[in-house]
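Please look at the sequence and the structure shown here, and keep both in view while reading the report.

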Amino acid sequence: MSTRTPCAVIVLAAGAGTRMKSATQKTLHAIGGRSLLSHSLHAAEGINPEHLVAVVGHQRDQVIPEVERVAEELDREVLQAVQEEQNGTGDAVAAGLRPIPEYEGTVIVTNADVPLLRAETIQALFDAHTTASAAVTVLSLDLNDPTGYGRIVRNDAGEVTEIVEQKDASEEQKEITEVNSGVFAFDGRVLNHALTQLNTDNAQGELYITDVLAIARREGHTVGAHLADDPRELAGVNNRVQLAAAGKEFNRRTVEAAMLGGATIIDPETTFIGVNVVIGQDVTIHPNTQLWGATHISDGAVIGPDTTLTDVTVGTRASVIRTQGERSTIGADATVGPFTYLRPHTVLGTGGKLGGFVESKNATIGAGSKVPHLTYIGDATVGEETNIGASSVFVNYDGVNKHHTTIGDHCRTGSDTMFVAPVTVGDGAYTGAGTVVTDDVPAGALAVKEGKQRVIEGWVEKKRPGTPAAEAAQRAREKEGK
């Protein structure tokens, strides 16, 4: 394990988030395939702190499992602290210190509703704070429109003296454009002492963590501000409009990273790439494509348009067009689509094909084998260099249990073949069009299941008199002289 950064990071995730108007706790809403809380914990872990604490409160029965899931994902301990009543940010930070009592190192406080904050920015705040030997350092922003934000108040010497919340600010203070991001670095000893001095003498009647700055300064400590390079990182999410805006900005990052990594993305505005997706070089992604989960696109692959893949591995130079797929594997040089549905546990071998209007599920299709069109293939194994005729169905369900079908190498099965599982078709075997295969077919055999065709002359005119079909038949008979 690398040496830990001598700090603790407290991530505040206890708020009610009523403006989201949702039964789901605010920080559990997601962008880029990851919850807001998960984004914040990942960023905090990015500086490798000695302690990582999540403060939970409102709807914690929902939040605690997500904290535990992310801790497992990060492979580190994430301590939990409960804020029983949401009595302001000062109270939340006090709760966050309980699992690490009397911690004397640097304490960084951030929020779970700021999902765009990068680990690099947290590290820069820590470095600025420790370099200045400050008691408090606030991560600040310079905004053209500071409405709603706490203002950073400085004296004539440019020193930070306090943070004034919007509701408590004078008209003159409201003109200040440097604002509080809600992210801080504190000296642990100063913070523990100052929290005991907070009061609710303010417009909202809450304990403000921002008041720690004024307390520290009154007691002779150094207070500073570190200006963030990109204000977009500190955009908070308090409603669905802001959630969408954050999602768009996060997607811009992931799409840009893919392009800088060597992928061609035809229309970045309609391409969505999740945080855990891996994209190789010389990949081409066409418009209206969404890649989610642990999807991995190998070098030279062509994806889209109109394709959604979740937890799908795509091999080198493969082509996937107008396809919905999940938890599947597509081999090198294989082709999928258009209008193809890959359900979980589909494995398509090298050079294989799943064509138009094909649905697959729990099926392994060998190298060079083709299921070109209009087919359902489920609970099946197909060997190499086999061709499945159009409109075939792997009849895998008897109403109670699922059964497996096995097709060998170099088979040629006719259009509209029904494979009634469990059944095995041997290597090199053929089936005739319209065959219903209910018994095993030996290697090299031809399976045909059909009766002699019957022709009943005059049936339409007799059984469907007066219809357009009957009239057409009568005209044909007259033309033929019958």
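## The model

This is a predicted model, in which local features need pLDDT of at least 70 and side-chain atom pairs count only at pLDDT 80 or more, while totals for chains, interfaces and linings use all residues. Residues are numbered from 1 along each chain as its sequence is written, and side-chain values use heavy atoms, with hydrogens and water left out.

## Glu-178

Glu-178 is part of strand 10, which covers residues 178–187. Helices (H or I, at least four residues) and strands (E, at least two) are DSSP runs, numbered from the N terminus. With a relative accessible area of 15%, Glu-178 is buried. Buried means under 20% relative accessible area, exposed over 50%, and partly exposed in between, using a 1.4 Å probe and protein chains only.

The side chains of Glu-178 and Arg-154 make a polar contact at 2.8 Å. A polar contact is a pair of N or O atoms within 3.5 Å; within protein, one must be able to donate a hydrogen and the other to accept it, and residues adjacent in sequence count only if both atoms are side-chain atoms. Not counting residues up to four places away in sequence, Glu-178 also touches residues including Ser-140, Leu-141, Ile-152 and Ala-225. Contact means heavy atoms within 4.5 Å.

## The annotated domain

An unreviewed UniProt entry lists residues 9–141 as "domain: MobA-like NTP transferase". UniProt positions are given in the numbering used here, feature names are shortened, and annotations may be inferred rather than shown by experiment. The span 9–141 is 35% helix and 25% strand, and its end C-alpha atoms lie 20 Å apart.

## Annotated binding site

Which residues does the UniProt annotation "binding site" cover? In the unreviewed entry, the annotation covers Ala-390, Asn-396, Tyr-397, Ser-415 and Ala-433.

Ala-390 lies in the loop between strand 27 (387–388) and strand 28 (393–395). Ala-390 counts as buried because its relative accessibility is 17%. Leaving aside neighbours within four places in sequence, Ala-390 is in contact with His-373, Leu-374, Thr-375, Ser-415 and Asp-416. Tyr-397 is in the loop between strand 28 and strand 29 (405–407). Tyr-397 counts as partly exposed, at 46% relative accessibility. A polar atom of the Tyr-397 side chain lies 3.0 Å from the backbone oxygen of Gly-399.

## A cavityThe largest cavity is lined by Ser-40, Ala-43, Thr-110, Asn-111, Val-114, Leu-117 and Ile-122. On a 1 Å grid over the protein atoms alone, a cavity is a set of points where a 1.4 Å probe fits but cannot get out, and lining residues have an atom within 4 Å of a point.

Methods:
1 Å grid on protein atoms, 1.4 Å probe; cavity = no way out; pocket = protein on both sides within 12 Å on 5 of 7 lines; lining within 4 Å.
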